[in-house]
Amino acid sequence: MTPYKKTILICLLITLSSGIALYYLSNGVWGGIVSGIFTGAIMSVITTSVLYNVKKDEIFTNIGKELLSTYWRLSYLYAQLIKCANKLKGNEGAPNVIYKEIAGTYKVYEKYMENNNFDFALNNYDGLLFSSLINKFFISKEVKVLVNIRDMHQINKQYTLLCGDLSIMRLELDLAEKSGNIEQINNIIMRIDTQYNYSLNTIPQQLAFINYAMKNFEKIKKLNAPWNEMKQDILNRNGLFDNKINEAEYNFQPEYKRK
């Protein structure tokens, strides 16, 4: 969007300059030349402004899709981890089998870094009022959304890296089982268990943060349906009726940032 922004600003300067010149050179050959420059600059501002808004709409459409996708990924992961937790409590099968299943559930993030729209949005958005000086006095709704997605991007990166680590742990667990190394099996299970419990505790807060981000997003771009309805549909599809999610939303503070 930066080229469009720069073009708009340059054309506005040309419009202003030629408008002043036209005031003093309204007659004669130079008057006609300046008049043509003035008209052309105005048309360029209009055309570039339209292209700028089309690009901005494309960027924020992609942001909305990515926020929805992230909410679905996290809620699906959370639902699967709860199922595994119930299996462990009920002693349903050998623990090492369940922990391999736990490691496998993170694969929902396996291809995230290959194809995500957050990178595109963060690298291409350049608002007309998006500068550090102006933002000290005026924070637009668009800027709030961009701040939110930077934090969301970090959450997705965290789980993507973790997905790779857990894939390796799963392979290590297979090898340890084949060699019958009980100590190594227990060590790997403990490593998986640490991350698994961390995820169970933090995902409700992360879902609450996405909920907050989507409410901000909904203020600048209309969704196909109200966000609360879409959110509830995602949770229902994943069989989530967990009070921790409601509690996290209730206790959520806007200044919350996911590290």
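## Basis

Residues are numbered from 1 along each chain as its sequence is written, and side-chain values use heavy atoms, with hydrogens and water left out. In this predicted model, local features need pLDDT of at least 70 and side-chain atom pairs count only at pLDDT 80 or more, while totals for chains, interfaces and linings use all residues.

## Overall make-up

The protein chain has nine helices and zero strands (DSSP runs numbered from the N terminus: H or I of at least four residues for helices, E of at least two for strands). Of its 259 residues, 41% are buried (under 20% relative accessible area, with a 1.4 Å probe and protein chains only).

## Helices α6 and α7

Helix α6 (residues 141-179) and helix α7 (residues 182-218) have axes that come within 10 Å and cross at roughly 160 degrees. Axes are lines fitted to C-alpha atoms over the stretch in contact, and angles run from 0 to 180 degrees between N-to-C directions. The crossing therefore makes α6 roughly antiparallel to α7 (an angle over 145 degrees).

The residues of this contact divide into 20 nonpolar, eight polar and four charged. Nonpolar means Ala, Val, Leu, Ile, Met, Phe, Trp, Tyr, Cys and Pro; charged means Asp, Glu, Lys and Arg; the others, Gly among them, are polar.

## The largest pocket

Helix α2 (residues 28-89) gives the largest share, five residues. By class, the lining has five nonpolar, three polar and three charged residues.

Methods:
Parallel < 35°, antiparallel > 145°, perpendicular 65-115°, else oblique. Buried < 20%, exposed > 50% of the residue type's maximum accessible area, 1.4 Å probe, protein only.
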